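Please look over the notes below with the model open.

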Amino acid sequence: MKSNSLDDWQSYGGTWDVSNGVVHNHSDERGAKLLAGSSQWTDYRLQADVRFDGDHGDMGVILRSSREEEGVDAYDGYYVGLRTTDGTLIIGRSDYGWMEARPIPMPGGVHADTWYRLIVIAEGCKIGATSENLTTGAKIGLVFSEQQCRTSGRIGLRSLATGGSWRNIEVAPSSAQDFEQLATYAAGVEKPEFPKREADYNSFFRFSAPHDIASRDAGSQTMQTLPQPRISDLQQMSRDTPTHAMVRGVVTITSPQLYIQDATGGVRVEDSAGLAANVGDTVEVSGYVKPTLYSAIFKDDTVRLLWSGTPVPPISVTPIQAASGSYDARFIEVQGHLSNVVTDAAGHVELEIREDSQSFKAILKNAPKRYLRELQPGSYLRLRGVCVLDRQYTQATTAFALLLRSEDDVQVLAGPPWWTPFHVILLFAGLLVLALLIQVIYFRIQRWKTLAITQERERLAHDIHDTMAQSFAGVGYQIQGIRSSIVQGTHNGPNEVADKLDVAYQLVRRCHEEASRTVAMFGVSLEGSGGLVDELENTVVRIAGEQVKAVVAIEGTPQPLSLRLTKALLHIGQEAITNSLRHGAPTQIRIVLGFERNELYLTIADDGCGFEEARVKPHLGMQGMRQKTREIGGQLVIASNVGSGTQATVRVPLQQERPAVRTRLLRAITKMFSRRIVKQHP
């Protein structure tokens, strides 16, 4: 099968087109894929020429693929391609996660705008691949075998973080002879066991030694071995005799010390001062190796910057896994609860983290103050950094420490719980202060209540003194005069005594009236709200006699009125009646006391001559009416037109108050005393 059209291809991401037999992807999307073929294809030979559009990324071909979706490594199959960042031929297995084998360096590197020919042969559980620079003729090959492999699947094109072009895409059935011919470019084939744990993953693929096949004859070939130890191999070197070695790796952190790692492990590089490398750069380190218990240290080294790249992603582990030493000197990601934040004089920060039964430290240099304020003990954090088990950082107090690159390596997943001891104490103190405040307010209200009762008593005493007490004093004076004249014999006969007794009787009668008026003014009538209306009706009769007709009415459901409210309404009503009779010359006065849901109203209306409100100056009586209305929190409205009479309405919020005991007692005593006087002087 040879493809010159995209009709049979299915894309997952990317921007694909074909022109003149060349397939183009114009997108630098991560993990763009273009798939074709059948999921039943088993053994086949796949060939394609590839060319990069950019200097960073990788591109190549997919084989034996299934379950494809959009996204990075979102398929189940194998990938063979070239990578510009380290100039290597790579192969790996994707199963919705990427597991990459050790890359093989391409002689002369991998560059943009250069065509490279990839040939991949899948035969059973063995896969062989070659890559050839079509400009220089440099060629490398590799062969590996996997026990638990995918035996069938579709083919495809794939690029990551770069655009590119593919041409001469061919797929055809393969044979054992084709595979054996390609395998001659490799030193041999190993058959590793399937890994039992994650730390064994780097043994998943076994590779032959890379070879330079830049030139070869038809019947023979020239190979150049390029030995390149892996970082994980450094830990196996002699601990007694210093061993010189050279490795390549990606920078994971530059301060407080330089750490690099590859797909197999990490290593600390000392004496790297002056190196202008950034996180993500690929460097080559040569020097003497000092193996440690879990990793290794480079000493007296030489560090050479090879090319720039992107930071490696962290390995997500648990604190217990990190404490085991399997991830010493590697870039990892862990989670835990913040216990404490410690800052030294140089501004370096140590975060004390605890998760389950494991505690560790996270060290950050020169953290800004605002950053420290955002970190609250008890918060749940996600941290990314280089895992170290060196006592220089752990101080033998924790199993391991994390070297953080910046404050961005700490992410707050959840804030601290609210129910901390400090917050509980604060809540208790707040409740205590609130209780004390309520107590103070209660005592203040009681004091105000006592003061109001005292003032009310004083006012009642003055009112009684000005009314009944004065009348009783006059009665006593008249009786005393009668007694003196009888005892001294100075009276002029029965007529004089009768006259003095008549005066005394009038005084007693006036005292009775004053007592009744006091009961009506300062207490709630025993007959209910009708007492207020009756008193206002009596005011009309007392002043105008039979010349003016008084019409009274009670609307709504009558309710008991407080002393203060009754007195105020009586004064307002009497003043309105007096003004109406004095200035309006009415023939009828209507008195209405109404009760609504939340308020009551008192209306005094006449059919007199009325007046123009704009021309009438408020007199003392009207000012008194408004003052009384304000005191009870009501509203007074006076409406009048010439020839249409006058209407005064006062509306007051209705508050039910039980009559005070002292008021009822005073009313009962006064009424009883008045009844005795009436019985004595019918």
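**Helix 1 and its sheet**

1. What covers the buried residues of helix 1 includes strand 11 (115-123), strand 12 (126-133) and strand 13 (139-145). Contact means heavy atoms within 4.5 Å. Helices (H or I, at least four residues) and strands (E, at least two) are DSSP runs, numbered from the N terminus.

2. This is a predicted model: local features need pLDDT of at least 70, side-chain atom pairs count only at pLDDT 80 or more, and totals for chains, interfaces and linings use all residues. Residues are numbered from 1 along each chain as its sequence is written, and side-chain values use heavy atoms, leaving out hydrogens and water.

3. Helix 1 spans residues 176-183, with Phe179, Leu182 and Ala183 buried. Buried means under 20% relative accessible area, exposed over 50%, partly exposed in between (1.4 Å probe, protein chains only). The buried residues fall within an arc of 100 degrees seen down the helix axis, so they line one face. That arc is taken from the directions from the helix axis to the C-beta atoms. Gln177 and Gln181, on the other side of helix 1, are exposed.

4. The sheet is open and has 7 strands, in the order 2-3-15-5-11-12-13, with antiparallel pairing. Two strands pair if DSSP finds at least two bridges between them. Strand 2 (16-19) and strand 13 are the edges, each pairing on one side only.

5. Strand 2 and strand 3 (residues 22-25) pair antiparallel over 4 bridges. Here valine 18 stands opposite valine 23 in strand 3.

6. Helix 1 packs on the sheet, touching strands 11, 12, 13 and 15 (164-173). The direction of helix 1 makes about 55 degrees with that of strand 12. Axes are lines fitted to C-alpha atoms, for helices over the stretch in contact, and angles run from 0 to 180 degrees between N-to-C directions.
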